[in-house]
Amino acid sequence: MPDAGKRVWRQTGWGRKIFGLYVAAYLGYLLLPLVILVLYAFNSSEYLIWPIKGFTLRWFAEAFSDSRLLKATGNSIFIGLVTTFFSTFFGMLLAYGLVRFRFRGKRLLETLNILAIITYGVVSAVSVLLWFHALGISGGIWPTIIGHTTFIMPFAVMVIRDRLLNFDMALEEAAMDLGANPLHTFRDVTLPLIMPALLAAALFCFTISFGEFLLAFFLIGNELTLPVYLYGLMRFTFTPAVNAAATMIISLPILAVIIVAIFFRREVRSLY
Amino acid sequence: MPDGMMDSSKTPASDRRGPGPAGSGGMVWLVVFPAAFLLVVFFLIPMFVALRYSVLSTMPFFDPDPSYTFANYIRVLTEPIYLRSFMRTAGYAVTASIISLVISYPVAYYLARRARRGALILLVMLIPFWTSIILRVFSWKIILGSSGIINFLLKTAGLIDLPVQLLYNRTGIIFGLVYTYTPFMILPLYATLGKVPRELLEASEDLGRNKIQTLWRVTLPLTRSGTMSAVILVLLACFGDVLSAQMLGGANTLMISSVIFETFMGGANWNVGSALSVIVFGTLLLLAAVLTWLGREVEHA
């Protein structure tokens, strides 16, 4: 992209500067909410007023002594890990089936997979709630995991499918010709080739599950997840301990993004 | 982000590439079964469950033998609170997607065409969207508050004496919607802008058109379908939005999804809630159909 079209994109100084400035301002606008959350987490005043006053770690101490917060965090991590495992595993199987085979019902599955992504929202959440009610299943951690896996797995399918579509099938065929059975071919040829996509999908699934609010809100029952607990705090009480918790939560996905950026450049591109 | 699917070229590719073992039906189903089970049992069936409850007079756990009725739909269509919040949601969704388009298009253009490391900058830009939506919305609540940073800056600049009310009204919600659904706008735009062949732009300039003319006559028409897709994705997201309305809006700015949310949260009439859900789901399906149609159009172009 860089220099190829220099002739066309030769810039007259000012236009370019203003354009660049606008993009920088836009970047600032996107990052502002995160910066604000973090700043208040270290702010010594207990009111969320601008300008901020001094520096303190008090809110982190408070957050760590909040047993419900810790419990909710534990639940969210557990739900996130289990969801990630099933979403990535089942998602891989579906992606493989969709890419490599033709079968009855394939269209339906593809459509359901995409619809689950684009219609995800309060409607899906309450529908699952109604269904669980009808089945007599009350809320809890496992129902939340089922809800999460159902609606997060489709994202994994998209990522893994893209990778499967873009590698040389001849490699699989060669293995088969050399006498490997389908299972061995998958394990020894396909799996290593799609491993980066699997890892990217897994990171992606964990991040979504960890921050997911709507499904968890309706399916968690008497338990708590982190977003559900924070939602309660944000609506009623209002101390910067919320910001401290938020800061810790934020650092997690940022870490994930950095990992992705470094190791999975290709898979990231497949997401856009 | 769900935009892998925006690349409409992938669907036919899967059919082309996967001619292979056509039959072996049973085996394939063994492979796709877990995912198919989840999608059918916990996505498809619940939709029909909601559809059924929407035409029942009461929930089966109150009366094991409820009668079928359209009363819930009639109520939804006649009680002003429901109709108004639906229309309001449509209005907010359109407003938010237009604002989002206007502010994001130049950035997507810059990243796709000018920047050296467009993809990387985009990744950094989208970091906030990897965090829980609830935190982002909460942060806007702090920012827009009467003692928040925006009011502080306006006051310091001498533009206002008293804080401007940016929260618990339409302004707050629009801020929330525009911000929250940025990725749905900028990722498809970036993808579609990246696909415009450079030769066409060069040709246009060789023929003596300036940059503005090239943008207007070449780039915009070529990216029309992609742009429409981005707008529809944002519309879809706005219709499903609960948290912006819940945390940044007020009593007079209820949005349809947050009405559904509160209906089910508060144990109000679930049958009416189901009818609302069905109507919203229908709207989402309609938008999704337009989206698919646009995707096909891109393919044929």
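Two residues are in contact here if their C-beta atoms, placed from the backbone, lie within 7 Å. On that basis, residues 24 or more positions apart account for 79% of the contacts in chain A with a separation of 6 or more, and for 72% of such contacts in chain B. The model is a predicted one, and it holds a chain A of 272 residues and a chain B of 301 residues. Chain A has 13 helices and 0 strands, while chain B has 15 helices and 0 strands.

**The two chains**

- In chain A, the elements run α-α-α-α-α-α-α-α-α-α-α-α-α when they are read from the N terminus on, and buried residues make up 48% of the 272 residues of this chain.
- In chain B, buried residues make up 47% of the 301 residues, and the C-alpha atoms fill a box of roughly 75 × 75 × 30 Å, taken along the principal axes.

**Where the chains meet**

- Between the chains, 86 residues of chain B are in contact with 89 residues of chain A, and helix 2 of chain B gives the most to the side of chain B that touches chain A, with 19 residues.
- Sorted by class, that side of chain B has 59 nonpolar, 18 polar and 9 charged residues.

**The nonpolar core**

- The largest nonpolar core has 169 residues, and those that touch the most other members are A:I160, A:A201, B:Y190, B:V234 and B:C238.
- Helix 2 (residues 25-54) of chain B gives the most to this core, with 13 residues.
- Domain 1 (6-41) and domain 2 (58-271) of chain A both give residues to the core, so the core lies between them.
- Leaving aside neighbours within four places in sequence, B:V234 is in contact with B:A96, B:S97, B:S100, B:Y181, B:F184 and B:M185.

**The domains of chain A**

- Chain A is divided into domain 1 (6-41) and domain 2 (58-271), and the C-alpha centres of these two domains lie 31 Å apart.
- The contact between them takes 5 residues from domain 1 of chain A and 7 residues from domain 2 of chain A, and the side of domain 1 that touches domain 2 divides into 5 nonpolar, no polar and no charged residues.

- A:F60 lies in helix 3 (residues 58-64) of chain A, where it counts as partly exposed because it has 18 C-beta neighbours inside 10 Å.
- A:F60 and A:L31 are 29 residues apart in sequence, and their C-alpha atoms are 22 Å apart in space.
- B:L235 has its place in helix 12 (residues 224-239) of chain B, and with 23 other C-beta atoms within 10 Å this residue is buried.
- Leaving aside neighbours within four places in sequence, B:L235 is in contact with B:A93, B:S97 and B:L287, whereas the C-alpha atoms of B:L235 and B:I174, 61 residues apart along the chain, are separated by 12 Å.

**Backbone details in loops**

- Most residues other than glycine have a negative phi, and most peptide bonds are trans.
- A cis peptide bond, with omega about 0°, joins A:W50 and A:P51, and A:P51 lies in the loop between helix 2 and helix 3 of chain A.
- B:Y168, a residue other than glycine, has a positive phi near 60°.
- B:Y168 lies in the loop between helix 7 (149-156) and helix 8 (170-180) of chain B, and with 18 other C-beta atoms within 10 Å this residue is partly exposed.

Key: Residues are numbered from 1 along each chain as its sequence is written. Chains are lettered from A and ligands numbered from 1 in the order in which they are written. This is a predicted model: local features need pLDDT of at least 70, side-chain atom pairs count only at pLDDT 80 or more; totals for chains, interfaces and linings use all residues. A nonpolar core is a set of buried Ala, Val, Leu, Ile, Met, Phe, Trp, Tyr and Cys residues joined through C-beta atoms within 7 Å. A residue is buried if 20 or more other C-beta atoms lie within 10 Å of its own, exposed if 12 or fewer, and partly exposed in between; C-beta atoms are placed from the backbone. Helices (H or I, at least four residues) and strands (E, at least two) are DSSP runs, numbered from the N terminus. Domain bounds come from an automatic or database domain assignment. Ala, Val, Leu, Ile, Met, Phe, Trp, Tyr, Cys and Pro count as nonpolar, Asp, Glu, Lys and Arg as charged, and the others, Gly among them, as polar.
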